[in-house]
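I opened the notebook on this chain to record what I looked up, working from strand pairing to the core.

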Amino acid sequence: MKLLIPLFALAFSLQNCTAQPSKKQAMSTDKHPAYSNNDSSKVTVTDAEWKKTLPADVFEVARLKGTERPWSSPLESLKDTGTYYCAVCGNALFVSDTKFESGCGWPSFYQPISKTSIIYKPDRTYGMERTEVECGRCNSHLGHVFEDGPPPTGLRYCINGVVLDFKKAQAAEKTFKEKGQ
Ligand SMILES: [Zn+2]
């Protein structure tokens, strides 16, 4: 376990060499026709098709499992109340109530919005044992989950901000919460 942190840092520094320069969050309005904040049906779109519609930095992380540079996302420090959606398909992933300051440089959450919003996959790249998290609707790569988060889950979902769309709290979110309690 002692080797884990240096390797982890190395993996990211290696990736940083080829990472896209930090850009302002791409707020493209030309979303794929499958994009929806309400439809939870599975999305199966080929990478070739995603490549035509997604901004290059989103495609790199979501479909090629890239990692954005730490501290590059404006969402990392965002404290507004609202919902975080998959920037690829619009699937609701996290609510701001579960966001916390992890100090790792990426937006961090301790719990997804629902059990089906996220898919977990073992990731053994870079000689590390990690758990990758993907969008439950479109299987886009989001980031990783680690077991060093705060209560109540003890989990830290370390998510690339570039694959998140943030929408401020609105009536729909309130309804969702009331239903869930
Ligand atoms: Zn998605």
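I count two strands as paired if DSSP finds at least two bridges between them. The model I am reading is a predicted one.

**Entry: the hairpins.** With that criterion in hand I looked up strand S5 (residues 118-123) and found that 6 bridges join S5 to S6, the two running antiparallel. Within this pair I noted that Lys121 stands opposite Glu132 in S6. S5 and S6 form a hairpin with 6 residues between them, and in the turn I found Tyr126 with a positive phi of about 60 degrees.

I then followed the chain onward and saw that S6 and S7 pair in the antiparallel sense over 4 bridges, with Glu134 opposite His141 in S7. The hairpin of S6 and S7 has 5 residues between the strands, and there Asn139 takes a positive phi near 60 degrees.

**Entry: Thr44 and Asn139.** I next asked how far apart in space Thr44 and Asn139 are, C-alpha to C-alpha. They are 8.5 Å apart, although 95 residues apart in sequence. I located Thr44 in the loop between helix H1 (4-18) and helix H2 (47-53). Is Thr44 buried or exposed? Thr44 has 8 other C-beta atoms within 10 Å and is therefore exposed, the cut-off for that class being 12 or fewer.

**Entry: the open sheet.** I traced an open sheet of 3 strands in the order S2-S1-S9, with antiparallel pairing. S2 and strand S9 (164-168) are at the edges, each with a single partner strand, so one side of each has no neighbour in the sheet. Ignoring direction, I read that neighbouring strands of this sheet are turned by 30 degrees against each other on average. For the pair S1 and S2, which run antiparallel, I found 3 bridges, and I noted Tyr85 opposite Ala92 in S2.

**Entry: the core.** Finally I looked up the largest nonpolar core, which has 34 residues, and asked which of them touch the most other members. These are Val58, Cys86, Val88, Leu93 and Val163.

I took Val163 as my last stop: leaving out residues up to four places away in sequence, Val163 touches Val58, Val61, Ala62, Cys86, Ala87, Val88, Ser140 and Leu142.

Methods
Residues numbered from 1 in each chain as written. Predicted model: local features only at pLDDT ≥ 70, side-chain atom pairs only at ≥ 80, totals over all residues. Core = buried A, V, L, I, M, F, W, Y, C linked by C-beta atoms within 7 Å. Buried ≥ 20, exposed ≤ 12 C-beta atoms within 10 Å, placed from the backbone. Contact = placed C-beta atoms within 7 Å. Axes fitted to C-alpha atoms, helices over the stretch in contact; angles between N-to-C directions.
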